[in-house]
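Hi everyone, thanks for coming.

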Amino acid sequence: MNLRIALTAEAALVAGVVARVADAQAFWAEFIGLSALAQPALLLTLLALCAAGRWLRSQPYRLGVAFTLALGVAVPMLVTLWLSPVLVGGETYPLIGVALFSLLLGAGLLAYFNLRARALSPAITEARLQALQARIRPHFLFNSLNAVLSLVRSDPRRAEHALENMADLFRALMGNASQLAPLEDEVALTRAYLELEQLRLGDRLQVAWHINKMPADALIPLVIQPLVENAVYHGIEPLPDGGEISLNLYRSADKVHIVVRNPIATDASHHKGNRIALANIRERLLLHFDLDAQLKLEPLGAVYQVHIVIPYTRERTQPAPARPHRR
């Protein structure tokens with residue numbers, strides 16, 4: 001949030017300087033002078049709001065907004081009086097202009113964060129996550145049931161195991177989408193999904209797991225299984241000889257990295273669908289982690305790589321659901 005505020009302030013400064021000056025040299029001189037005043041003022045304002053945060057949260061909304069705007073105007077004016085003689089050679093910017101700029105910027109930021117809070121309220125966020133998580137490709141359900149039916153008589157134990165995998169998969173898809181789960185559980189779910197797909201694809205589907213450096217206790221949303229399902233549908237199924245899906249899960253500093261690679265199919269329709277599925281995963285990451293998560297798409301020669309980076313966390317926001325006990 002602080003980064004967004006700082007970038008918004010700098011963008012507003014750029015717009016204001018562009019409206020005032022006519023050439024590039026004057027632009028840079030004016031912008032550097034204003035920025036040298038704006039950044040300390042912004043930092044001190046944020047520190048003051050942080051210090052008053054507990055009191056602000058206890059006040060009615062309108063009073064809190066009024067106090068925030070008053071503080072957002074008073075601090076920049078005081079900083080201008082204090083630093084202008086030092087930073088801009090004795091010149092003092094008009095206080096009325098500083099106050100008006102601060103008021104408009106503060107009001108704009110408050111309006112933005114109010115709209116964003118409404119859009120990402122817990123009920124709406126959970127509903128959007130639930131809708132994203134509940135999207136099951138009908139062809140997968142149909143093919144899995146057919147594969148199980150073909151095994152009922154010839155290999156009943158394997159058919160029973162496949163049904164257990166389906167139960168685990170659907171239990172996860174119908175679970176609480178706002179809750180994060182341990183990475184090791186997500187890996188187990190993905191393995192169950194791949195076992196179902198291998199019933200019908202056989203040797204066409206090869207999987208390489210690189211999980212020696214995996215942080216098993218890291219909490220993540222349901223993203224690996226949808227990524228792998230996407231890789232199977234768009235990278236393995238269109239190829240007559242199939243191919244290999246590679247999964248590399250590891251931790252680097254305070255980030256968890258999830259890298260999935262699959263062969264590139266030449267069928268254009270698959271590439272189009274690929275984008276839709278990845279857009280759903282990107283939205284899910286955004287709802288859980290905002291800008292702290294990244295999703296990178298990279299064609300690397302004959303393979304397609306999806307690289308997800310999310311914060312490493314082990315703190316649960318809700319109690320974990322009971323895991324089923326198999327016989």
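Among contacts in the protein chain with a separation of 6 or more, 72% are between residues 24 or more positions apart, where contact means heavy atoms within 4.5 Å. Please keep in mind that this is a predicted model, in which local features need pLDDT of at least 70 and side-chain atom pairs count only at pLDDT 80 or more, while totals for chains, interfaces and linings use all residues. Residues are numbered from 1 along each chain as its sequence is written, and side-chain values use heavy atoms, with hydrogens and water left out.

Now the overall inventory. The protein chain has 11 helices and seven strands; these are DSSP runs, helices being H or I with at least four residues and strands E with at least two, numbered from the N terminus. Of the 327 residues in the protein chain, 40% are buried. Buried here means under 20% relative accessible area, exposed means over 50%, and partly exposed is in between, using a 1.4 Å probe and protein chains only.

Let's look at the strands. How many bridges join E5 and E7? Strand E5, residues 255-263, pairs with E7 in the antiparallel sense over nine bridges, and two strands pair if DSSP finds at least two bridges between them. Within that pairing, Ile-308 in E7 is the bridge partner of Ile-258. Strand E7, residues 303-311, also pairs with strand E6, residues 294-300, again antiparallel, over seven bridges. There, Pro-299 stands opposite Tyr-304, and Lys-296 stands opposite His-307. The hairpin of E6 and E7 has two residues between the strands, and Gly-301 takes a positive phi near 65 degrees in it. Eight of the nine residues of E7 are buried, so E7 is largely enclosed by the rest of the structure.

On to the helices. Helix H10, residues 224-236, is mostly covered, with 12 of its 13 residues buried. Among the buried ones are Ile-224, Glu-229, His-234 and Ile-236.

In helix H4 you'll find Val-79. Is Val-79 buried or exposed? Its relative accessible area is 3%, so Val-79 is buried. Beyond its neighbours within four places in sequence, Val-79 is in contact with Leu-37, Pro-40, Ala-41, Leu-44 and Ser-84. The C-alpha atoms of Val-79 and Leu-42 are separated by 9.6 Å, and those residues are 37 apart along the chain.

Let me finish with the rings. A search of the whole structure finds one aromatic pair. The centres of the Trp-55 and Phe-67 rings are 5.1 Å apart and the planes are at 65 degrees, so the pair is edge-to-face. For the cut-offs, rings of Phe, Tyr and Trp (its six-membered ring) pair if their centres lie within 6.5 Å, with planes under 30 degrees apart counted as stacked, over 60 as edge-to-face and the rest as tilted. Trp-55 sits in helix H3, residues 53-57, and Phe-67 in helix H4, residues 61-87. Trp-55 counts as partly exposed, at 41% relative accessibility, and Phe-67 is partly exposed at 31%.
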